[in-house]
Amino acid sequence: MSGEVHNEFSGNAESVVQAGEIHVHHSDAPPDEVERLAQRLARAVAGQWKAEAAVRGLFGAAPLPIAWEMAGGQGAWSATRFADRYRQLPTPRRLVILGSAGAGKTTMAVLLVHELLAHRAVGDPIPVLLSIGSWDPAAEHLTNWLPRRLGEEYPVLGSGATAAANAGRLIDAGLILPVLDGLDELPQRRRAEALAKINQALSDHDPLVLTCRTDEYQTLLNGSDGLYAATVLRARPVAPEDVRRYLLAPHSARREARWRPVLDRLAAESRGPLADALASPLLLSLARTAYAPESGRDPAELVDTARLSSAAAIEAHLLDALLSTAFRSEPAARNAFAWRARRWDEAKSRRWLVFLAQHMKRLKTRDLAWWQLEQDGPASENAWTFGAAAWGCFSLAIIVAAVVGGRAVPWGFVWSGGGPIGAMCCVALWRGGAVRKRPHYRSKYSSVAVGGSLATATMFVVAWVATGGHVPVVPTALACAVALGLLVPNAMMSIYWDRRQVDVESVSPAVLMARERRAPLTVAAVSAILVLVGTDVVHEVTGLSRVNDDVPLSFRIAQCVMAFALWAIIASRWGAYQVTHARLALRGKLPWRLMRFLDDAHQRGVMRQEGSVYQFRHARLQERLVAGGRNPEGPGQ
């Protein structure tokens, strides 16, 4: 993967001779420049996962008691010295972390990244945690996917092709340790191919960490050798004494009294349903969260065998309790919207989360990406929704401009002009869906924009006929076509999407949305200026009567701004998201303040954040919500 292999020697000798090939690290950039880039990336990754670990409660007074054992019983690893044990692994330092659902695989991956970065020396590889579930090994090689994903997640590397190139330089220099989380989240038909592609991409000395569920990885071993030269760790059930210590920390007489019924049941039945459930790190942490003192819930509910007669029933109960408890109180940590924090209605919150979980299932993903919301439902539905809104907004702008300018409302232009604009928006939004799904869509954007410019010109022709020639169609249509079809897409998209953006170290959903919002608004502003100026220029060149003599400035501004703002918005992922979100919010499927709600759910422990996407705290929670709290195969499965 990095294209590097190096020689190792230990001991004393006057000279050393090696037979065979000699491989070295290589990079086109000077070593100092590459290391400076590595240091910037290391700071960004460290800040990202330190904050996320704090939100997940991994630094609290009671660390989650997760223990691991090497395959074949060759030794145990403790969570407190996990990074130290990893450093002691022989080259190439490859590690496979296995466990059942809820065993703490991702938790240990996060802590490993944090600890390695906390003690990183110059030249050490930077551990970067990426969810592997979004990778399609049949369509993209790992050597392409990895630098692309690094560039997307960490703006310190640059943007676009520059970011991927910088990430590739770090990989080539042996300064990246990929921590790939969730091999089991790939479709079953892709897992064996993914593992084979990973092995093909690794050179003899490339490190790698991979997490997977135990059964899924064991299935892969039936037809392959697994990850080459890797140490395999398996999660062990949490020991009863560790369960007791975790539930009581920090110890107090009051806390012990609250948990006494649970502790007594665990002591009496070491292999009962409750003991089996709490041996899972996930369910153990859920129990502590759901029955925190401020929740007002009594832990004695867990010993009610009439309601909770199996470990599956206890799991379902704890997942439901998490949702109920999370939205009853204020979030424990400050978030991006802390200054306007609010309490969410529990029933509505659950309904919104159910919809999001089902949306993710329809897309066959564990990642909740705001820009994929437009894929929920037929594209035509979004297109017609936005077309109607575009017509209404354009008409309102014309009416307001006429009133402000002291003129009669040009109803013919309202009906004849707004209609084509709405139709144009419908077509553009419908056809633009495939364009927005691609990461590099500038050329496609230009093609759609040319079509849009023709539609705009047609709109002015219709308006000219409907108003008896009162709208100066030739200069206005020509200026619109030139500005929209030729200048704006190629100039503004080149400026926006290809420029370096290093104002933040790592991407969050809110940061990415802010960037996507700036692009269409910038295009709209420049478009309006070009049309206003261009119309007069065309008038001068053609010798036609000046538009200023017939139409007030307020009318011209409203006409240009509304037409081009609407066009710029529908050609962006942000605009398509706004349309879909409004439609779903009107139906009660999502809150109007969706991003605030998701950020709040993240702080409350319901969601987790991985770069620019959200995920549910655990796949089991998503599966529970997909069924709306009910599962035909049994509770909590």
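Helices, as counted here, are DSSP runs of H or I spanning at least four residues, and strands are runs of E spanning at least two, both numbered from the N terminus. In the predicted model, K364 is accordingly placed in the loop between α13 and α14 (379-404). The backbone of K364 has a positive phi of about 60°, although the residue is not a glycine. With a relative accessible area of 79%, K364 is exposed, since the cut-off for that class is over 50%.

At the level of the whole protein, 22 helices and nine strands are found. Of the 637 residues in the protein, 52% are buried, and the accessible surface comes to about 28400 Å², with 56% of this area belonging to carbon and sulfur atoms. Among the contacts with a separation of 6 or more, 74% are accounted for by residues 24 or more positions apart.

Seven of the strands form an open sheet of mixed pairing, in which the order is β2-β1-β7-β3-β6-β5-β4. Strands of a sheet pair through backbone hydrogen bonds, in either the parallel or the antiparallel sense. For β1 (residues 67-70) and β2 the pairing is antiparallel and extends over three bridges, and within it A67 has S78 of β2 as its bridge partner. Helix α3 (residues 105-118) lies across β1, β3, β4, β5 and β6 (208-213), and runs at about 155° to β4. Helix α4 (residues 142-153) also packs on the sheet, where it touches β4 and β5, and the direction of α4 makes about 95° with that of β4.

A packing arrangement between two helices involves α13 (residues 346-362) and α22 (residues 619-626), whose axes come within 8 Å and cross at roughly 105°. The two helices α13 and α22 are therefore roughly perpendicular to each other, as angles of 65 to 115 degrees fall in that class. On the side of α13 the contact is made by L353, V354, A357, Q358, M360 and K361, and on the side of α22 by Q622, L625 and V626. By class, six nonpolar, two polar and one charged residues take part in this contact of α13 with α22.

In the loop between α2 (82-87) and β3 (94-99), where P92 lies, a cis peptide bond joins T91 and P92, with omega at about 20°. The loop between α2 and β3 also holds R93, a residue other than glycine for which phi is positive, near 55°. R93 is partly exposed, with a relative accessible area of 35%. A cis peptide bond also runs from A249 to P250, with omega near -10°, and P250 is located in the loop between α8 (240-248) and α9 (253-268).

The loop between β5 (176-181) and α6 (188-201) contains D184. With a relative accessible area of 12%, D184 is buried, because the limit for burial is under 20%. When neighbours within four places in sequence are left aside, the contacts of D184 are with R191, T211, C212, R213 and E216.

Key: Residues numbered from 1 in each chain as written. Predicted model: local features only at pLDDT ≥ 70, side-chain atom pairs only at ≥ 80, totals over all residues. Heavy atoms only, no water. Axes fitted to C-alpha atoms, helices over the stretch in contact; angles between N-to-C directions. Parallel < 35°, antiparallel > 145°, perpendicular 65-115°, else oblique. Contact = heavy atoms within 4.5 Å. Nonpolar A, V, L, I, M, F, W, Y, C, P; charged D, E, K, R; others polar. Buried < 20%, exposed > 50% of the residue type's maximum accessible area, 1.4 Å probe, protein only. Areas by Shrake-Rupley, 256 points an atom, 1.4 Å probe, with all protein chains shown as cover. Pairing = 2+ DSSP bridges.
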